[in-house]
Amino acid sequence: MRKKMPLESALKEVEGIQQPPATIDSSIENIKLKRSKNPSETAFVEKILAGDISYLSRAITLIESTNPKHHAKATSIIEKCLPFANNSIRIGITGVPGVGKSTFIEAFGKYFTKNGKKVAVLAIDPSSSINKGSILGDKTRMEDLVKDQNAYIRPSPSGDSLGGVAQKTRETIILCEAAGFDTIFIETVGVGQSETAVHSMVDFFLLLKLAGAGDELQGIKRGIIEMADAIVINKADNNNVKRAKIAKADFTRALHLFPLKDSEWTPKITTCSAFYNEGIDNIYNIIKDYFKLTKSNGYFDKRRGNQNNYWLLETINQQLKYNFYNKSAVKEALKKYDKDIKNLKTTPFKAAEELLKLSNKK
Ligand SMILES: Nc1nc2c(ncn2[C@@H]2O[C@H](COP(=O)(O)OP(=O)(O)OP(=O)(O)O)[C@@H](O)[C@H]2O)c(=O)[nH]1
Ligand SMILES: [Mg+2]
């Protein structure tokens, strides 16, 4: 009689083959995250230091919140993260709308991640509160970078003042660094004061330009070119290559007019095509050279120290202003004095004096 085969369970059919876990770790984490609606500061800090993007994003949301409770919590998280921050290079990228910032950041960011870096992309754009959709367009232009495990893209915080937005971005930088991002890009649209704000929070300032767009002189006037550590003429491709070369020569000549920078760095002018991924390696090397120089001559640390000092005073100024204008007594009196000034009953100087006295009263 034939021996009966032992009854095999269907489940054993795949013995020896590793079974996928019944649940995915990341899903469990997500569920847990949703459950713990109000994680403690310590939980936040632990997760951020472990590189947890969900917690990083939630902490940034706390920074951006206008709720004073959130603000207090965010401040405490930032303070606890501070000892683990600062180990990054911070690069400001600016240029007029359409110059190719998003396309460039996609190409440049990928170059960094390919070289083993972790890149966080933040934006300063106070106008984004009006035009919230813009980041969507951006994300499609940064298609690869968005999917990159080693990149983190955070849309610009909305806010009604540039100072407020800038401060939030600075705090966000600290959290991103604590979460292990060693390369921070700060993007801004080169149309206003935001360049100065970005300049005051980065180590290297990169200006994107177009060949023959006629805005060269404007840039010189506004002092943006003076701030630049590199001027990159983008879209140097197809039938634009020649014009880009001419622009490069023009800028090189113009830059000779400026005195040597404190950093001892001579700003570099180069061309690239973000779209065709050309010239990106050259810009990467320029940046490497810059950090080599400024870290060895002490400028890197000095500049960060100066920036901290600037932000200390800037934050005090903002807070004083905010407290002053938000006092109801001041609000009312301001209207009255405004009228009195118009009716020539008092002078702006006397009125200001009285208003300031008023703000000191309990
Ligand atoms: N030919 C060419 N086109 C480019 C290049 N870089 C960007 N573009 C195109 O220029 C257009 C604008 O590029 P974006 O990257 O969106 O420019 P932006 O500076 O981010 O624009 P805003 O977000 O509006 O300030 C897009 O159609 C890009 O495909 C380039 O190197 N060569
Ligand atoms: Mg863009």
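Which residues lie nearest the centre of the second largest pocket? I looked this up in a predicted model, where local features need pLDDT of at least 70, side-chain atom pairs count only at pLDDT 80 or more, and totals for chains, interfaces and linings use all residues. Residues are numbered from 1 along each chain as its sequence is written, chains are lettered from A and ligands numbered from 1 in the order in which they are written, and side-chain values use heavy atoms, with hydrogens and water left out.

**Entry 1: the second largest pocket**

I found Glu226, Asp229, Lys261, Asp262 and Ser263 nearest the centre, out of 28 lining residues. I noted the rule for a pocket: on a 1 Å grid over the protein atoms alone, it is an open set of points with protein on both sides within 12 Å along at least five of seven lines. A lining residue has an atom within 4 Å of a point. The space here is about 680 Å³. A volume is the space filled by probe spheres set on the points, and points are joined across faces, edges and corners.

Next I checked the helices (DSSP runs of H or I, at least four residues, numbered from the N terminus). Helix H9 (194-199), helix H11 (224-227), helix H12 (241-255) and H14 each give at least two residues to this lining. H14 has the largest share, six residues.

I then sorted the lining by class. Ala, Val, Leu, Ile, Met, Phe, Trp, Tyr, Cys and Pro count as nonpolar, Asp, Glu, Lys and Arg as charged, and the others, Gly among them, as polar. The lining has 13 nonpolar, nine polar and six charged residues.

**Entry 2: the largest pocket**

I read off about 930 Å³ for the largest pocket. It has 24 lining residues, and Gly164, Gln167, Gln318, Gln319 and Tyr322 are the closest to its centre. H3, helix H4 (68-81), H8 and helix H14 (299-325) each supply at least two residues. H14 gives the most, with seven. By class I listed four nonpolar, 14 polar and six charged residues.

**Entry 3: a cavity**

I turned to cavities (sets of points where a 1.4 Å probe fits but cannot get out). How many cavities of 30 Å³ or more are there? The count is three. A strand is a DSSP run of E, at least two residues. H8 gives the most, with three residues. I counted the classes as five nonpolar, three polar and three charged.

**Entry 4: ligand 1**

I found 16 residues around ligand 1, each with a heavy atom within 4 Å of it. The closest are Lys101, Ser102, Thr103, Arg141 and Asp237. Helix H5 (101-114) and helix H6 (134-141) each supply at least two residues of this shell. H5 gives the most, with three. The shell has five nonpolar, six polar and five charged residues.

I looked for polar contacts, which with the ligand are pairs of N or O atoms within 3.5 Å. A polar side-chain atom of aspartate 237 is 2.6 Å from a nitrogen atom of ligand 1. A polar backbone atom of alanine 274 is 2.9 Å from an oxygen atom of the ligand. For a polar backbone atom of glycine 98, the distance to a ligand oxygen atom is 3.0 Å.

I ended with cover. On its own, ligand 1 has 660 Å² of accessible area, and the protein covers 74% of it. Such areas come from the Shrake-Rupley method with a 1.4 Å probe.

Technical notes:
A polar contact is a pair of N or O atoms within 3.5 Å; within protein, one must be able to donate a hydrogen and the other to accept it, and residues adjacent in sequence count only if both atoms are side-chain atoms.
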